[in-house]
Structures are given as C-alpha cells and as structure tokens.
Amino acid sequence: MRVSDGKGVGTDRMRKFVGYWYWVIIGLFFAGAAGIYIVCGESSYIAVHDNLDLFVAQFQMMKNTGSFFSHGAEVPFLGGVTRDNLPSELSLYTVLYMVMPSFAAYVTGYLLKVAIAVAGVWLLAGDWYGERRKDYRPLVAMAGFAYGVLNMFPAFGIPFASVPLALYLLRRIYKRPSVKLYAALFCYPFLSYFSYFGFFILAYLVAAAVWLRMRDKKLSWPLVGAVFVLAAGYVAFEYRLFAMMLFGEAETIRVSMTEADLTAKEIFAQSLDVWLHGNFHAESVHDRFIWWVCMFYFLYKNNRYVAKKDWKGMFHDIYNLLMLVLVFNSVVYGIYNWGAFRRGVETLFPFLKGFQFNRTVFFSPFLWYMSFFIILQRIYETAAEKEKAGKGLGSALAGLGRLAANGMAWIAIAVIFLSPTRYNDLLATCKNKAIEAVKGKTADRMNYEEFYSEELFREIKEDIGYGGEWSVAYGLHPAVLEYNGIATLDGYLGFYPQQYKEDFRRIIAPALERVEESRIYYDDWGARAYLYSGSEPSVVSDSKSFQIGDRNLYMDGEAFEELGGRYLFSRFELTNAEAAGLKFVKDYGTEASPYKIYLYGRF
C-alpha cells in the first residue's frame, strides 16, 4: 500500500489547472475587460454610429419616460412615434437597460454576448462530437471565445452570439425531441431578434426539413414542430413588431425607401466584396487571417479528393458545405440589389416590402470562424493519429501539430482584438487612454460621457425651465437631446410613419433643395430625420474639433412651428437665425463638455 505525502495531490491539481489553461485566459479576459470599463467608466470610448446615436439613447429615453411596458403610448422623439416602434421589452438586451444605468447596461451586454457565444459553442460541440469533445476542449473554448469577441453591431451582439445556441437546440430536437427542448426553443427569441436573425433561422429550418425529407424519404416531424414553436416564440416575444407588421394601418417610411438597382457586374463585385471582407454591421475581420487559412485548406483538401476521385467524400465534407453556404449568403447579399429580382420577391410576398432579406450575411461571421476551427480540429485529429502510431518522431510531430493549432487560434483572436474596426470599443478605449497617459494628449473623438454631456444639458434645462417642449438639434445628433430628456421633432429610426417623414421634410426642404446628396439621402431612405446643411453633406460629428464653414441655417421656421417646435439646440452660432423666425436665447458650455450649445427659440 502506497502512502501519499500530499505532494502527489498537489502535482495532480497543478496538472489539472494547467490542462484548463484556455479557461484561465478567457477568465482573465472577462476580469480585464470589466476592470478597464470600471476604471475608465463613462470616459470610455464607445462607437457612435448606429449605437450611441440610436439604440442607447432610445433605451435611456424609455427609462426617462417609464415607457418600457407602455401600450398605446407615444415616446418623445420624431414628433411622438408610438412605443411599439421601439425594441421589445421581452428581450435580454432591453431588460439590461431597464434595471441598470445605461453605461453599465452597455458593458454588461458586451460581456454577456461573449459568455453566451462561449456557452453556445461549447454546447453545440458537445452535441456534435459527443464524448470526443474532451479531445478538442481547448479549440472548442477558443472557437466560442473568438466568435464572442467579434466586434459586431452592439445592439444585436447577443442575437449574433446566440446563433450557436439555436443550432444546438434544433439539433437536439431533431435527434430526440422533448417538452423541455421545445420550451427552451420557444424562449430562445428572448436572446434573438426576428428582423435580423429569426426570419432567416426559420427559413433555413424549413429548407433543412425539406432537404431531410428528400434525403430520408420521410418528413422530420420534430423539425416541423420546431418551425411552429420557434415562430410562436418570436410572435410572443416581439408581439409589438408583429402587431405593427400585420395590423398597423399607417404607411411607414419603408414604402418610400429606394434600394439600389445595380448592374450584373456591380452585383458580382458587391457579392465578392462581402464574401472577402464582410458587412460593416458584421465585421468578422476574417480577411486578415482566417480567410487565407480557409482558402488554402479548401484547395488542399479538395485537390486530394479530386486526386482520389472521392466525389462522395467531397460532397459530404461539412467543411465544403460551410464554404457553399458562405457563398450563398454573399450572393443573396448582392442580388438583393438586383431591382427586378427584389421587386419579384416583393410581388410574391408583399409583406417583405422594404425588408432587407440580404441579412443572410449576418450568419457569415459564425460560419467563417467555425470553418476555421474545423481545420484546427482536423489538425488535432492528425496529431492524435500520429500519437497512436508510437513514440519518437511521430509523437513529437503530434505535439507540434496541437501547438500549431492552438497558436493559429490565438492569432485569430489577437487579430480580432487588435483590428481597429467600427465597434472595437475595448481597443479604442485602451488606445486613447494610453495616449492620454503617455503623451498627455486627449483624443479628438468624444468619449461616452462627453458625447451625451448630461451635466451641460441638465444646466440648460434648469436655466430655461424646460417643460417638454419639442426641439431639434443642429450640429449634434438628436440622440444627445433624447438621452437627456428633451423631446425632439428629429431623430433616427428605420420604421416610423411615412406621413411624418413628409411633414418633417417641409422643415428641411430649403436645405435639401440646395444639396442633392442630402435630398437623395433623405428622400430615398429617411431613417435619419435630421436638420441638414444647405452647403455641406453633414453637420454632425463626434469629433471635438468639428467645425463647418457655412453657419447659415436652411430651415422652414413656419413648418417647424406648425409641428410644435419651440427650441433649436445648435453646436454652432447661426448667422441667419432671424430669417427662420428664431430668437437667440443664450449660449451654454461647461469644462467637462466638448459642446458649446447655442440655444434658439421660436416665440
């Protein structure tokens, strides 16, 4: 009988700890990211485009007005659009803003996105590989981590991250359905979003059921049931959206949106571009490293299939299937801008009028990274085969193979962290804070606190005795006013009444008549109902030093008054305010804010 002196136990624990090194690194990321945002607080640098100028302000506006659960209520922007036009309260991301301060909710949403991606990929790999998952644990963890830290559209980061979880649930239901699995699938939309993901998951699910019917000569009733359960879940969790789509009587700006009508050459170029580089809302940065690995492997593997005349193996290779779906997503993205095709779809399915069915590309980031990690998993398999062959050179090569696979995984993750993409808030914050610490030079770009400048607008509201009067912004995003509890006639929303778009156009008509680019931008799209310059393409920026040359205001003051307009908050001193029937009230500024606000009113 062997008596342990305790050293063996300690050694075993150390080996076990070292064996889970990947979880240690992922855990350090969560601690480090949370620490950075806790230390920097609202002086962190957060992306503005389609983020601070859109959803974050709308969530804060709902909190200010207590309208998260309101029905038949109007919210104070765009002249008072219905609450139903804003995100559902039955969504995890929305819930975060209900219960937490906005900045804390934003950071928590980011960290939850990463955690959900890691958990989803881990579960999916367990279902896919079964007991063999233990052989690939480092790769599975890193695959989920890589997908989770991709810096994609922040407001829909959790829906992006939850795609692997949806696949896991559907696979489990297909193989062994149960009440618990169907209940989980019904609740899945709490993590998702119908317009960006749900519609396409349901479409892919129907396609899968049809394909399996053709292959197996019988219908998969569990998947048919999954279609109805998931559809019911989306209707329940996004009941406001479906009520607007199915029973809304007012025409929305979708009827006047004009999409591109490209030539065949332009469509091919666009499809190729999104296949190579991705979409700006789904920046997967795959072109910087993993695309090259994936293409090399594709050529290598299929060349071997051809050499062996193994056509069946080529057809059944899951890697080739993923490559095919990636091409399909990119082609759909391109042909959406083929006018005849788009109009044909809208004729057959009128409810898709204005719906961007080219969002299939939003699934491509997941497919690129899973394709890449399949390659690394196969390197692991080859290493295991060499180990079984015996010791010596084969064993050494096996160790090198696994080391190379792990190294490639971390290179891919490092590329994500170090790429200065639109929504890489962590990199922007670290970079700008480092420059401030080392060089003593502050960034020209506004941070979160500066962008919203709550102290400044609180001072303005107190000074004028603000009582909810309708206002507009000039030189700054209307979202800044909305965030600070100021009702706006202007705003940013992709789904509001067409009649209001036409009413607001009367206010900005003098500017649109002078700048054709602005006229096309508003008339053919109109989601940004802003005041426009009569001489420059844009008068909004998140730069502190932003200036304009022409300080004349091109606005119809009478139309402004007819819509109930009272105040105009301008970032610049206007030279012709009186021509618009506006009276200068006062200018405001604080040391903490990069804005100097010139307040004008119509009295």
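Is Phe268 buried or exposed in this structure? Phe268 counts as exposed, at 58% relative accessibility, where exposed means over 50% relative accessible area, buried means under 20%, and partly exposed lies in between, all with a 1.4 Å probe and protein chains only.

Before I go on, let me say that this is a predicted model, in which local features need pLDDT of at least 70 and side-chain atom pairs count only at pLDDT 80 or more, while totals for chains, interfaces and linings use all residues. Residues are numbered from 1 along each chain as its sequence is written, and side-chain values use heavy atoms, with hydrogens and water left out.

Phe268 is found in helix α14, and here helices (H or I, at least four residues) and strands (E, at least two) are DSSP runs, numbered from the N terminus. Phe268 and Tyr333 are 65 residues apart in sequence, and their C-alpha atoms are 10.0 Å apart in space.

Let me turn to the sheet, in which 4 strands are arranged as an open sheet in the order β3-β6-β8-β7, with mixed pairing; two strands pair if DSSP finds at least two bridges between them. Because β3 (470–474) and β7 (583–589) stand at the edges with a single partner strand each, one side of each is left without a neighbour in the sheet. Neighbouring strands of this sheet are turned against each other by 25° on average, with direction ignored. Between β3 and β6 (residues 565–570), which run parallel, there are 5 bridges, and Ala473 has Phe569 in β6 as its bridge partner. Helix α23 (residues 454–464) packs on this sheet and touches β6, β7 and β8 (596–601), its direction making about 140° with that of β7.

Next come the backbone angles. Most residues other than glycine have a negative phi. Asp50, however, has a phi near 55°, a positive value in a residue other than glycine; Asp50 is found in helix α3 (residues 48–52) and counts as buried at 5% relative accessibility. Val285 also is not a glycine and has a positive phi, of about 45°. Val285 lies in the loop between α14 (264–277) and α15 (290–308), and at 8% relative accessibility Val285 counts as buried.

What does Ser162 contact, leaving aside its neighbours within four places in sequence? Ser162 is in contact with Ile116, Tyr188 and Leu191, and Ser162 is placed in the loop between α8 (157–161) and α9 (163–175). At 0% relative accessibility, Ser162 counts as buried.

Now to the charged side chains. Side chains of opposite charge can pair when their charged atoms come close. A salt bridge is counted here when a side-chain nitrogen of Lys or Arg is within 4 Å of a carboxyl oxygen of Asp or Glu, and a search of the whole structure finds 20 salt bridges. One of them joins the side chains of Lys175 and Asp127, at 2.7 Å from N to O. Lys175 lies in helix α9 and Asp127 in helix α6 (residues 102–129), so this pair ties together parts that are 48 residues apart in sequence. Lys175 is partly exposed at 47% relative accessibility, whereas Asp127 is buried, with a relative accessible area of 13%.

A salt bridge is also formed by Arg132 and Glu381, whose closest N and O atoms are 3.5 Å apart. This pair links distant parts of the chain, with Arg132 in the loop between α6 and α7 (137–149) and Glu381 in helix α19 (residues 364–388), 249 residues apart. Arg132 counts as partly exposed at 37% relative accessibility, and Glu381 counts as partly exposed at 27%.

The side chains of Asp317 and Arg378 meet in a salt bridge too, at 2.8 Å from N to O. Asp317 is in the loop between α16 (311–316) and α17 (318–335), while Arg378 is in helix α19, 61 residues apart, and both Asp317 and Arg378 are buried.

Definitions and conventions
Axes are lines fitted to C-alpha atoms, for helices over the stretch in contact, and angles run from 0 to 180 degrees between N-to-C directions. Contact means heavy atoms within 4.5 Å.
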